Amino acid sequence: MRLALGSVVAAAIVLIGAAPAAPPDYPVNFITVDELKTALDRGQKWDIIDVRNWDAYVEMHIKGARSVPLRSVERRASEISKTGLVVFY
């Protein structure tokens, strides 16, 4: 999983560079791949959202992640937890 998760993070870094410069409406914290893996291994529940295109999601995604392409996040915001822990990659 480490290699696969590392590749996913590499893809996330590319997406971060394409993100709008406006600050988010809610507080945002960044975590490392190792921190996420540790939390998942401990059984913590996270809403993991894969914002890449469908083909990239199908090719490789974090187990339990949902596909919500970046272009549709705003439209599908009601599907994303407002009170729990959410990871976008």
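Let's start with Arg66: its relative accessibility is 28%, so Arg66 counts as partly exposed. The cut-offs: buried is under 20% relative accessible area, exposed is over 50%, and partly exposed is in between, with a 1.4 Å probe and protein chains only.

A word on the model. It is predicted, so local features need pLDDT of at least 70 and side-chain atom pairs count only at pLDDT 80 or more, while totals for chains, interfaces and linings use all residues. Residues are numbered from 1 along each chain as its sequence is written, and side-chain values use heavy atoms, with hydrogens and water left out.

Now, which residue does Arg66 meet at 3.0 Å, N to O? Asp47, in a salt bridge between the side chains. That term means a side-chain nitrogen of Lys or Arg within 4 Å of a carboxyl oxygen of Asp or Glu. Asp47 is buried, at 16% relative accessible area. Asp47 sits in strand E1, residues 47–50, and Arg66 in strand E2, residues 66–67. They are 19 residues apart, so this pair links distant parts of the chain. Strands here are DSSP runs of at least two residues, helices (H or I) of at least four, numbered from the N terminus.

Arg66 has another partner. Glu79 meets Arg66 in a salt bridge at 3.9 Å, N to O. Glu79 lies in the loop between E2 and strand E3 (86–88), so the pair ties together parts 13 residues apart in sequence. Glu79 is partly exposed, at 40%. Through shared partners, salt bridges join Asp47, Arg66, Arg76 and Glu79 into one network.

Next pair. Asp50 forms a salt bridge with Arg52, with 2.7 Å between the closest N and O atoms. Buried or exposed, this Asp50? Buried, at 0% relative accessibility. Arg52 is buried too, at 10%. The salt bridge count comes to five.

On to the nonpolar side. A nonpolar core is a set of buried Ala, Val, Leu, Ile, Met, Phe, Trp, Tyr and Cys residues joined through side-chain atoms within 4.5 Å. The largest has seven residues: Leu36, Ile48, Tyr57, Ile62, Ala65, Val87 and Tyr89. A second, separate core has five residues, including Ile49, Val68, Val73 and Ile80.

Last, Ala65. Leaving aside neighbours within four places in sequence, Ala65 is in contact (heavy atoms within 4.5 Å) with Ile48, Asp50, Tyr57 and Tyr89.
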